Amino acid sequence: MASHRGLYPGYDVLAHKHEWDANTRQIVEKRLGPFSYKLLSSWEQSMLKAVAGHLTYEDRPEVLAWVAAHFDQELGKAIGESQRQPEVPPQKELVVAGLKALEEWAKLQYQKGFLKLGVQDQFQILRDLQLGQLPMVGKWNETLQRALFKKLVSLAVEAYYSHPWVWSEIGYGGPAYPRGYVRIELGLADPWEAQRGGSSIDAEL
Amino acid sequence: MTRSCDHYGNQRFTHLRQRKYAGQEVDAVVVGLGAAGGLILRDLAKAGLDVVGIEAGPFWDPASDFASDELHARTLNWQDTRLSTGQNPLRFGHNNSGRGVGGGTVHFTGVFYRFHASDFRTRTLDGVGEDWPITYADLEPYYAKLEEEIKVSGPREFPWGEFNGPYPYPVREPISGNAQVFRRGCEALGIRSAVAPLAILSAPYDGRPPCINRGFCNQGCLPNAKFSTLIQHIPQALADGAEVPSDCMVTRILVGKDGRVSGVEFVHDGRTYKQEAKLVVVSAFVVETPRLLLNSACKQFPDGLANSSGLVGKYIMPHSGHDVFAKFDEEIRLYKGTPVMAVSQDFYETDPSRGFARGYTLNAHGSRPVELAGSLAVNAGMWGKELNDTMREWNYYARITMVGEVLPSLSNYVTLSDEKDEYGMPRALVHFSYGDNDNRLIAHGVETCYQILEAAGGKRAFVIPDTAHLHGGCRMGTDPRRSVVNQYCQSHDIPNLFVCDASVFVTSGGCNPTETVMAIAARTADYITSQKYKGKLQPAALTV
Ligand SMILES: Cc1cc2nc3c(=O)[nH]c(=O)nc-3n(C[C@H](O)[C@H](O)[C@H](O)COP(=O)(O)OP(=O)(O)OC[C@H]3O[C@@H](n4cnc5c(N)ncnc54)[C@H](O)[C@@H]3O)c2cc1C
Ligand code: SF4
C-alpha cells in the first residue's frame, strides 16, 4: 500500500484477505485496478477524478481511478437509481451534462477550463454548486445544481469508502466472514484488528 | 432430516419452461415474497392449497450471492427509480426496499418488536391518526407463535408494552461497545434500557449457527444466523408444494367479467405470461402495492383496483430515523457486532408534557463506512476535508438511531407518474413531508439521544436526518369509504383480492414494524384458510 494517512499506521486490511470468503475477496480486489471504462470519455474521467478528489479530500491517483471507474459502472447500469426528483434527469444524463456545465461555469467565472483552475477555484465552484449558487447557465437552476452536487458526492463517497486502503486508514476491519468477531466489547479488539499508533495486539502477545 | 435452509440445490427456480402450474388456475397467487408474502405463501401451502408466489427479484443463494461488502449489497435493494418529492423526499433502495425472494427481510437488521396496545387506538387515546380495526389482542397469539418459530433471542424481562418476556432464545451476550455506551448513558439518567429482542439466533437452530457478530446484517447474513423469509418461510412453502417463479415482475392484476380478480400478468426476460388464480394476494410493499393496484385499472375499475375509497396509495408513513452521534475518548468501533444490541422504549407512549402525541424507540445502532460517510455527505452535507477528518476518527463515535412515529396524512402518498419504466409501467411518484407533530417528536428524540450520549461521556457531534421503514398506502379499516381493506386484509371492493404487507398499516407505531407485518400476514392466512372466508375459493383440502 502507498502512504498510510490514518491513526492506524501499519494496519492493512488486505493482509487479511486470505481470511475472507472468495466471493468477497474477488469483489474487493477489483477495486485495486486495472480498470476499463465503458461509458466515460477520458476528459470525463479526468474531470471526475478532480471533482472526487475535492469531495473526498484525496489525491492518490490509484484511489481516484477506482472512484472514476465506479462512476463509469454505476452510470452505465440500467437498473435504476432508487429515487430521483421528478424535475431532475436520470443520473447518467445529469452527470454527463453536469460535467460540461462545470466546464462552462469555470470558463464563465475564471476564463479557463475546470481542470486548468487552481485547487481553490475548483473548490469554490463545488461549494457554490452544493448551495445551488452558481449562475444559471442553460437549464441549471438551483434545484439541478444541488441535485448534481448530491449525485457527485454520493457516488464519489460510496466508492471512496469502499476502497481497502481507506478501510486500513480509518481502522475498519473490512470483510468479516467466515471469521466474525469474538471481542466486541468496549476496549477489546480481536488480534487482527487495527490498533492505535500501529502497535498491534499481535505484537504484544 | 431436511433443514429449511438447505433448499437451494434443487428447488431454486431455474426456468419458466419447468413450471409446475403453467396454464392452470391455482387456488391463490401471492405477488411479492417479502416478510408478508413469504409467510402467507407458506401458510396457504401448508393448508393444502395450490399456490404460486411470484417475485420480481432473484432467488438468492446466500453462499454465492451475498458478500461482506456494502457496495455489493446494493443488489439486494429495490433500485428501480421512483420519483420522490415533497418537503422531505424519501430515499428508497437500501433505506427501505428489498427486492428478491425474502424481500426486505434479507437486508433488515433483525430488531423484532411487538407493537404496543396503544398503537392500535391512537385516535381514541390521543386524538391523532386513526384507530385500527384490530387490537393488540387480535395479534397477540400470532406474535407469540412467530417469536417461537423464529427463535427470537431477547432478555428475560422486557420492560415495555404488553409482552415483558422471556423470549424463546437466550439474550445476546456480550453486547457491542456501542450498545454498552448506550446502556451506560441510560443508566446514568434513570432511563430504562434492555438488550434488543432480535430475529437472530443466539444458539443453533434448524442447522443454522448462532450469530458471529460480523455486523453485516444489512448486507445479508452469510452464515444464516439471522432470520429471513428467504431461508425460513420460503423453503417451508416449497416443501409443501408452493411454486416460486423469481425474476418475474407482476405488471397487472387481471379482472374477470364478474368483477372479481382472475389472476395476474407478469414479465420474465421481456416476455409476458399469465397466471390464473381463484384468489390474489398483493404483498409488494408500500410503493409497489399501490402502483400495481393503480396500474391494473380496467373498464370495471377505472381508478384502479380496490380503490373505490380513492385511498389506494394514500397515508404513507416512514419512521423518522434520525441518527445522533457523539464522540468519545475511547474507541467504540461501530462496525463490530450485530448492529442493534441495546434499546429503550421509555419514550414510546404519549406524554402530554412533551408537547406532541405518540413517541419513539431508541436503538443503539452500529454502522459501516459507506453508510456513515454516505449519509454524512448526502443527508448532512459534509464533504471534503471535514468528512475525511471525521471518518478518520470514526472509531471514536457512538450512535443512537431513533425510530419515531410519523402520523398519517392524506397529503403523503404514492401515485403513478407520466414516466414509464422498462416494463412500460408508470413509475411511482412518492410525495412526503413531515407534519408539525412529527417535527416536534424528532426534536425531542434527538435531544434525548444527545443527553444519553453525554451522560455516557461523549461530546455532541452531529445529527444525520434520515427515515426508516415504510407503512400505509392501503390502510385497513371497517368503513369502505375510509379504508382499502378490512381487518383480514381483504379488499372492500373485490372479495377475492387481498392486500397484505406493510401497506395496510393504519398508523406507523414507534418501533421497527416487521413482527407486526408478519403477525398481520399470519392472521390473514388463517382467515383465507378458514371457513369464515366464503369467497370463490373452495379448495378440496378444506372441505374434506
Ligand atoms: C436496511 C433495513 C433495515 C431494516 N431493519 C428492520 C428491523 O431491524 N426490524 C424490523 O422490524 N424491520 C426492519 N426493516 C423493515 C422490513 O424490511 C420491512 O418492514 C419488511 O420487509 C416489510 O415487509 P413487506 O412484506 O411489507 O415487504 P417486503 O419485505 O419489502 O417484500 C415485498 C416484496 O415484493 C416484491 N415485489 C414488489 N413489486 C413486485 C411486483 N410487481 N411483482 C413481483 N414482486 C414484487 C419485492 O421484490 C419484495 O421482495 C428494515 C428495512 C431495511 C431496508
Ligand atoms: S451480525 Fe450476526 S446476524 Fe448479522 S449478518 Fe453477521 S452473523 Fe448474521
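**Asking what the labels rest on**

Trainee: Leaving aside its neighbours within four places in sequence, which residues is B:Asp119 in contact with?

Mentor: In this predicted model, the partners of B:Asp119 are B:Trp132, B:Tyr348, B:Arg358, B:Glu405, B:Thr507, B:Gly509 and B:Gly510. They count as contacts because heavy atoms lie within 4.5 Å.

Trainee: Why is B:Asp119 called buried?

Mentor: The relative accessible area of B:Asp119 is 0%. Buried means under 20%, so B:Asp119 is buried. As for its place in the chain, B:Asp119 lies in the loop between strand 4 (82-85) and helix 4 (122-126) of chain B.

Trainee: Why does B:Ala137 count as exposed?

Mentor: Exposed means over 50%. B:Ala137 has 54% relative accessibility and therefore counts as exposed. B:Ala137 lies in helix 5 (residues 136-150) of chain B. The C-alpha atom of B:Ala137 is separated by 9.7 Å from that of B:Glu162, 25 residues apart along the chain.

Trainee: What makes B:Cys511 a cysteine in no disulfide?

Mentor: A disulfide needs two cysteine sulfur atoms within 2.5 Å. The nearest cysteine sulfur to that of B:Cys511 belongs to B:Cys449 and is 16 Å away, and B:Cys511 is in no disulfide. Over all chains, the count by this rule comes to 0 disulfides.

Trainee: And why do B:Cys511 and B:Cys248 count as buried?

Mentor: The cut-off is again under 20%. B:Cys511 has 0% relative accessibility, so B:Cys511 counts as buried. B:Cys248 has 1%, so B:Cys248 counts as buried too.

Trainee: Now the ligands. Which residues come nearest to ligand 1?

Mentor: There are 39 residues around ligand 1, and B:Ala36, B:Glu55, B:Gly104, B:Val111 and B:Thr514 come nearest.

Trainee: What makes the pair formed by B:Asn512 and ligand 1 a polar contact?

Mentor: The limit for a pair of N or O atoms is 3.5 Å. A polar side-chain atom of B:Asn512 lies 3.4 Å from an oxygen atom of ligand 1, so the pair is within the limit. A polar backbone atom of B:Pro513 is also 3.4 Å from an oxygen atom of ligand 1. For B:Gly100, a backbone N or O atom lies 3.1 Å from an oxygen atom of the ligand.

Trainee: Which residues are around ligand 2, and what makes them so?

Mentor: Among them are B:Ile200, B:Cys211, B:Arg214, B:Cys217, B:Lys226 and B:Thr338. The test is a heavy atom within 4 Å. This shell divides into 7 nonpolar, 3 polar and 2 charged residues.

Trainee: How many helices and strands does chain A come to?

Mentor: Chain A comes to 8 helices and 1 strand. Along the sequence the pattern reads α-α-α-β-α-α-α-α-α.

Conventions
Residues are numbered from 1 along each chain as its sequence is written. Chains are lettered from A and ligands numbered from 1 in the order in which they are written. This is a predicted model: local features need pLDDT of at least 70, side-chain atom pairs count only at pLDDT 80 or more; totals for chains, interfaces and linings use all residues. Side-chain values use heavy atoms; hydrogens and water are left out. A polar contact is a pair of N or O atoms within 3.5 Å; within protein, one must be able to donate a hydrogen and the other to accept it, and residues adjacent in sequence count only if both atoms are side-chain atoms. Buried means under 20% relative accessible area, exposed over 50%, partly exposed in between (1.4 Å probe, protein chains only). Helices (H or I, at least four residues) and strands (E, at least two) are DSSP runs, numbered from the N terminus. Ala, Val, Leu, Ile, Met, Phe, Trp, Tyr, Cys and Pro count as nonpolar, Asp, Glu, Lys and Arg as charged, and the others, Gly among them, as polar.
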